[in-house]
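Hi,

Here is the structure I promised to pass on. Have a look first, and my notes follow below.

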Amino acid sequence: MSLDDKYKRFLFDIIAEIYDLVRPQYPRSLIDDLEEASDLQRRNRILEIGSGTGQLTKGLAARGFNIDYIEIDPNLAGVARTRLSKFPNIRIKIGNFEKMKYKANYYDLAVFPTSYKWIDPNERIPRVTRLLRENGYIAIIETHHVNGDTENFFIDSQTCFKRYDPNTPDTFQLPDPTGVIARKYEEETKKCFNTVL
């Protein structure tokens, strides 16, 4: 992880409540797809890595899954603790996924809700593979900012980008949805997992 990435991750934590307010929610259809593709059954065990403010966690917990929520940033976890307080099927753990201890062959699904890129590339697949039960699943969720309905907002916000990040090129444009690289981690994961969706 570059110093720039470490700084960005730190920023999420110091503005945790603001981040939670402006971050788009995960659609219900994503949770439906995740449940179907992973063949999840009520009371299955999920390891959610880099859970942020618990937006995805809440949707999964409402369906009765047992979830170990892991987040390295304490302020993000604090927001999640409030959001998830009514769910007895969630265990919140604050710490570094690469260094924490977990039960081997225990989880049915490991899910990275827009957090995969923050985990050490040398650790993420070998570690998750040890923690999953036989025939377990891994889900890597990513979001992308693309050209679309909010084009005017994008144009209007460029002055803010230029003010706070002077390195933003004048030619920067949001990509067309068809230009987004899907499954960019497939090469890394295919040694241990088959692609389902």
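Leaving aside neighbours within four places in sequence, which residues is Leu 109 in contact with? With contact meaning heavy atoms within 4.5 Å, the answer is Leu 34, Ser 38, Leu 40, Arg 45, Ile 46, Leu 47, Leu 132, Tyr 137, Ile 138 and Ala 139.

Before you read on: this is a predicted model, where local features need pLDDT of at least 70 and side-chain atom pairs count only at pLDDT 80 or more, while totals for chains, interfaces and linings use all residues. Residues are numbered from 1 along each chain as its sequence is written, and side-chain values use heavy atoms, leaving out hydrogens and water.

Now the salt bridges (a side-chain nitrogen of Lys or Arg within 4 Å of a carboxyl oxygen of Asp or Glu). The count comes to five. Glu 35 and Arg 63 pair up at 2.6 Å, N to O, and together with Asp 32 they are linked in a network.

Another bridge joins Asp 68 and Lys 93 (3.8 Å, N to O).

Asp 108 is buried at 14%, and Arg 133 is partly exposed at 39%.

Cheers

Notes: Buried means under 20% relative accessible area, exposed over 50%, partly exposed in between (1.4 Å probe, protein chains only).
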